[in-house]
Amino acid sequence: MRKTLLSSFAIIVMSLSAFAQEYTIPLREDLAKKQDTEERLSQPAMRGQNMVELPFIDDFSQDHFPGNADGNTVLWEDMFTTIHTSFGIAPPSVGVAVFDGMNEFGQAYDPDNGNTNGHADVLTSMPLDLEGKVNVVLSFFYQPEGYGEAPEPADSLVLQFYDPGLDQWTNRWHATGSGLIPYVPVFLTVQEQFLQNGFQFRFRNYGRLTGALDQWSIDWVYLDENRSVDDEAITDVGFAEPVYSFLSSDYVSIPWDHYTPSASENTIIQKDVVLRNNRIQGALISESGYSVDFNGAEIASFIDSQSPSIPAESNEAITQEVNQSPNSFVFPTSVSDTTAQFEVEFYFQTSPDLHDDNNHLSFTQVFSNYYAFDDGQADNAYGIQNFNGSGKVAFQFDIFETDTVKAVDMFFLYQGGAALEDQLFFLTIWEENNDAPGEIHYQDLTSRLVDFDDQGGFVRYALQDTVILEANTSYFFGWVQPDAISLNIGNDLSAMLNSQRLYFDIGSGWQPSSYEGTIMLRPVFPPVEELMVGLEEAQLEQLDIWPNPAQNTFQISGEIPRGAVARLMDLQGRVVSSEQLFTSPHLLDVSFTSEGLYLVEITTPSGSRSIKKIVIDR
């Protein structure tokens with residue numbers, strides 16, 4: 001399931017630091033998770049089985065939740081928790097299940113009361129038949145906080161066992177809230193009274209119900225017979241960290257047209273993949289490598305001839321050669337003229353190995369028409385607030401090829417109906433000056449309005465002018481905002497680049513950010529989809545100006561797109577007046593102008609434009 005994590009809750013941050021200018025806030029609503037759950041619920045055939053067999057193992061490196069698209073065995077009855085690949089800090093294997101105060105539809109359990117505490121997420125196993133089993137042990141690892149928000153001492157994570165004979169749940173274990181600690185192993189005997197057909201177990205967290213707060217994660221859940229609680233060992237080796245890209249830069253994606261001219265230079269020489277040995281003895285990796293697929297067909301495959309050894313209960317990085325002998329791999333540039341997408345999968349073999357779900361690790365290398373450092377999923381939100389004058393936010397991008405930038409994709413976080421839709425900003429590109437923003441290279445002529453994608457994704461803002469960027473040059477992309485209210489741009493914690501590339505200015509000059517993560521905006525180069533502006537252009541053509549000729553006032557009426565701006569210009573192109581259109585009809589005062597022919601230019605935040613003539617005659 002889609003990942004979800006955060007740092008701190010907006011209301012709490014504001015109450016503790018009313019004068020904070022730079023801050024992050026957690027999710028109160030996650031539209032992408034809502035869509036994911038709805039898609040799963042639409043697949044009743046994959047909702048689950050009546051019973052699962054021992055051993056029960058889930059390290060969350062694969063999706064075993066109801067309705068998973070991979071057809072994996074369903075191990076859990078519900079979808080309240082979230083599988084996350086970069087939430088836990090040094091987990092037993094890549095992928096953990098996260099507990100917080102948001103339900104399976106990405107909504108806070110109690111969004112209106114910040115002081116509400118109660119039972120929040122639950123993770124319930126499918127039924128198991130334990131009748132006649134002996135020495136049954138359940139083990140797992142847990143961690144409070146991770147890269148999220150720490151649970152309070154009054155919060156808890158609870159494990160319960162289900163007795164099908166009595167039809168009741170019994171508390172078996174719990175942990176109280178705390179700050180970050182390493183993952184803690186827990187080994188528990190399943191008592192004889194629970195050794196029945198239909199046994200289940202479930203985890204529950206208790207904490208605040210107003211969003212992704214008071215967070216816990218669990219990993220490597222393992223239930224089987226013929227085990228001992230004294231043998232605290234997991235005979236497993238697995239991938240410990242995700243991999244996102246084969247690019248030589250920090251980008252996870254660049255435009256295909258910017259990759260192909262220098263494909264070899266843009267492909268990484270080596271890639272380190274991190275393995276975790278959870279055994280109490282060293283582990284010999286007998287074979288490892290990776291493959292690359294395009295359109296479902298394998299186009300490359302490489303085997304590492306080395307046999308590294310990983311010490312007991314430790315992590316070890318294994319270096320895979322990419323664009324270097326003997327592999328010398330680059331993504332083939334002949335497969336497409338515009339965009340391309342490749343599936344890369346790493347693997348390894350070792351023995352003994354209890355669980356092979358985590359012996360494979362994959363990512364999708366996307367080449368589209370944008371530069372991206374983020375993985376496309378917001379973990380919390382970043383913003384500036386409580387400043388005088390205007391505020392500025394800028395993030396550095398390195399451009400590889402001379403090209404015309406057409407738009408910027410921005411991921412603003414919808415927070416349960418918060419009134420951010422009325423907030424204005426001016427999209428801006430700065431030149432680089434000593435690794436900080438310098439002179440303005442481009443700025444909107446008219447303001448934009450914060451907008452949200454109804455499925456929890458990016459919104460594309462077309463530039464209002466032609467802007468050429470030079471090859472091998474850095475530029476800062478961001479915005480200037482007139483109001484001291486956070487715009488809540490998405491922040492991705494799978495990449496930690498804000499401290500290197502993010503700057504903000506609250507009136508005292510540019511300062512580097514002090515927050516972890518990578519804010520989510522992406523420069524877009526040709527081609528830009530016509531669908532983005534077609535509807536608004538049709539709306540603009542239907543607008544009416546009346547009366548014409550006009551004396552001291554005239555009105556614009558019709559279906560006015562949200563955020564549209566009208567500018568009155570003389571025939572030399574000089575702007576006489578400019579104002580945003582909020583209502584229809586919208587009355588404009590021209591009593592201060594002289595008589596003659598004028599142009600009325602109406603533009604929208606996406607770049608759509610219509611020009612109409614008006615005569616002022618007194």
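Helices (H or I, at least four residues) and strands (E, at least two) are DSSP runs numbered from the N terminus. The model shown is predicted, so local features need pLDDT of at least 70 and side-chain atom pairs count only at pLDDT 80 or more, while totals for chains, interfaces and linings use all residues. Residues are numbered from 1 along each chain as its sequence is written, and side-chain values use heavy atoms, leaving out hydrogens and water.

View 1. On a 1 Å grid over the protein atoms alone, a pocket is an open set of points where a 1.4 Å probe fits, with protein on both sides within 12 Å along at least five of seven lines; lining residues have an atom within 4 Å of a point. The largest pocket holds about 1,500 Å³ of space, a volume being the space filled by probe spheres set on the points, which are joined across faces, edges and corners. Of its 45 lining residues, T85, S362, F363, T364 and Q377 are the closest to the centre. Two or more lining residues come from each of α2 (31-41), β3 (82-84), β19 and β20 (360-367). Strand β20 gives the largest share, six residues.

**View 2. The largest nonpolar core.** Such a core is a set of buried Ala, Val, Leu, Ile, Met, Phe, Trp, Tyr and Cys residues joined through side-chain atoms within 4.5 Å. Buried means under 20% relative accessible area, exposed over 50% and partly exposed in between (1.4 Å probe, protein chains only). Among the 71 residues of this core, F246 and M410 touch the most other members. A second, separate core has 36 residues, including V74, L128, V136 and F199.

**View 3. The ring pair of F246 and F346.** Rings of Phe, Tyr and Trp (its six-membered ring) pair if their centres lie within 6.5 Å; planes under 30 degrees apart count as stacked, over 60 as edge-to-face and the rest as tilted. The structure holds 51 such aromatic pairs. F246 and F346 are edge-to-face, 5.9 Å centre to centre with 85 degrees between the planes. F246 lies in the loop between β13 (237-239) and α3 (256-259), whereas F346, 100 residues apart from it, lies in strand β19 (residues 340-350). F246 counts as buried because its relative accessibility is 0%.

View 4. I89 is placed in the loop between β3 and β4 (96-101). Its relative accessibility is 26%, so I89 counts as partly exposed. Beyond its neighbours within four places in sequence, I89 is in contact (heavy atoms within 4.5 Å) with Q143, G146, Y147, L180 and Y183.
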